[in-house]
Amino acid sequence: MKLAFYAPDGAGDKVLVAAVMAGAQRHGDCVIYVPTYGYEGVLADADAAACYGVRASSRIILDAYRRAGKRTFFFDKGYWGRGTYTRVAVDAWHTHGSWLRDRDHARLRTTGQELKPMRECAGQNVIYAGTTQTWCDLYDLGPARQLDEVIVKLLVAQHPGRVVYRPRPAYARKHPELCGPIEGALLSDPAQPLAEALEHCELLVTLGSNSAVEARAAGVETLVLGDNPIQRLNGGRDQAARDDLFRRLAYCQWTLDEYLSGEAWADLKETMDRIAA
């Protein structure tokens, strides 16, 4: 297999590309690096394409390869352990292919991810974790602020006096003009850690923020409106279903050493085969 890996021309991105390249080579496959700005259309001799990060360019490139009948890989920050793990999805933005395979609990235990019991907290806050323009660009959803306002107003109508609007802290620092108060909702303190906010939370609602992963791990119910594996848990508080989902997510993210050794690549190729079948 020949994979064209499109990534920005940054040192961190190149480290990941080099690790995937070395791991694939151990299995007789070829990975070539193409700077994102160098994209000029689908490469005829490439069997697949990869992109890193939630960017409009990722959607443009991977959609083009999918239309050409080629396989795709999407890399992004891990679901947890973000300084250690990089997640990867085959033929999708999230790793739904993992549900086609048997997965044990061994890897989840090694990641150190704690899963707290699902808890009852009726009458407490409803947190809306806001989206970002880059995420909306990936899914071609239009202006992020307009989506946030519509969703918050719907939540306020259902939960008056208890809705907290929580913009993504890094996004709010960069774009404060897009993350101001929304009528009827409390505006969260951007300096407050999410774990602390969840202590007084009945439900976390989001389009696709990774905060849904943190909330479910903390035992808080979630409602995911967009593309995110936690959406599988909508409408339920079943702890066994939550634990099964995290068990599978643990096999959807890998360390640099695991990409470098080829362990991650071998697992990805098996997932590809299951999806194709």
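**Aromatic contacts and nonpolar cores**

Trp 80 is buried, with a relative accessible area of 7% (buried means under 20%, with a 1.4 Å probe and protein chains only). The model is predicted, so local features need pLDDT of at least 70 and side-chain atom pairs count only at pLDDT 80 or more, while totals for chains, interfaces and linings use all residues. Residues are numbered from 1 along each chain as its sequence is written, and side-chain values use heavy atoms, without hydrogens and water.

The structure holds 10 aromatic pairs (Phe, Tyr or six-membered Trp rings with centres within 6.5 Å; stacked if the planes are under 30 degrees apart). Trp 80 and Phe 246 form a stacked pair, at 5.5 Å centre to centre and 25 degrees between the planes. This pair joins the loop between strand 4 (71-77) and strand 5 (86-90) to helix 9 (residues 239-249), 166 residues apart (DSSP runs, helices being H or I of at least four residues and strands E of at least two, numbered from the N terminus). Phe 246 is also buried, at 0% relative accessibility.

The largest nonpolar core has 25 residues, of which Trp 80, Ile 127, Leu 198, Leu 204, Ile 230 and Phe 246 touch the most other members (buried Ala, Val, Leu, Ile, Met, Phe, Trp, Tyr and Cys joined through side-chain atoms within 4.5 Å). Helix 8 gives the most to this core, with four residues. Beyond four places in sequence, Ile 230 is in contact (heavy atoms within 4.5 Å) with residues including Val 213, Leu 245 and Phe 246. Another core, of 22 residues, lies apart and includes Phe 5 and Met 272.

Key:
Phe/Tyr/Trp six-rings, centres within 6.5 Å; stacked < 30°, edge-to-face > 60°. Buried < 20%, exposed > 50% of the residue type's maximum accessible area, 1.4 Å probe, protein only.
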